[in-house]
Amino acid sequence: MTIDSKNLLESILDSLNRIDYIKPADVPGIDLYMDQVTTFMDSQLQSSKRYEEDKILTKTMINNYAKNNLLPPPEKKKYSREHLLLLIFIYYFKNILSISDIKSLLSPLTENYFHTGRGLQLDEIYTEVFSLEKSQIEVVKEDLIRKYETSGQTFCDSPEEERNFLQLFSFICMLSFDVYVKKQVIEKLIDQLPDPEKKNKKKERTAE
């Protein structure tokens, strides 16, 4: 690409180097009120904002998550450490998955590991999963470089004033297709999970 290609690629790779996750040690071990939850999430995930005015999490969002059973209700208007961990998962999932898919994915977590006080703990699951994500950064960077270089070889015969945009468009299309395919795979995997709605209805019939 000729749009300051070296700086563009370096900027993309630098942005990946800044990607981080909320470490378990940074998650408060005490229960928080709603305002404290939104303040915590905003401060910890500030770097993930696209625009300064973007909201990481709002009271309305949290209430909707609880209403849709993505998040267990607070206890005496306070949210526990486990609530915060689930909210972090929801924050990342909501960019690519539907509410119903997130519910299907998180229901086994809330049912088996939320405030159980026994066996594997939710923060242990969180730590394990996000350590894997962090280790994938270099793999993602290598894939980005390959796609960037491939897109830079497209539309070579086009006029220079058009070539810049067309090559950038090619790069974006390659990245978008990658996201599309992986989203399809994720949805197929989620479809293999038990349907929480059917499970709840079965419980209700048993109770009757």
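Student: Is Phe 89 buried or exposed?
Tutor: Buried means under 20% relative accessible area, exposed over 50%, and partly exposed in between (1.4 Å probe, protein chains only). Phe 89 has 6% relative accessibility, so this residue counts as buried.

Tutor: Quick note before we go on: this is a predicted model, where local features need pLDDT of at least 70, side-chain atom pairs count only at pLDDT 80 or more, and totals for chains, interfaces and linings use all residues. Residues are numbered from 1 along each chain as its sequence is written, and side-chain values use heavy atoms, with hydrogens and water left out.

Student: How many aromatic pairs turn up in the whole structure?
Tutor: Rings of Phe, Tyr and Trp (its six-membered ring) pair if their centres lie within 6.5 Å; planes under 30 degrees apart count as stacked, over 60 as edge-to-face and the rest as tilted. Searching the whole structure gives a count of nine.

Student: What kind of pair do Phe 89 and Tyr 126 form?
Tutor: Their centres are 5.7 Å apart. The planes make an angle of 75°, and the pair is edge-to-face.

Student: How many residues apart are Phe 89 and Tyr 126?
Tutor: Helices are DSSP runs (H or I, at least four residues), numbered from the N terminus. Phe 89 sits in helix α4 (residues 81-93) and Tyr 126 in helix α6 (residues 122-135). This pair links distant parts of the chain, 37 residues apart.

Student: Is Tyr 126 buried or exposed?
Tutor: Its relative accessibility is 0%. Tyr 126 therefore counts as buried.

Key
Helix = DSSP H or I, 4+ residues; strand = E, 2+ residues; numbered from the N terminus.
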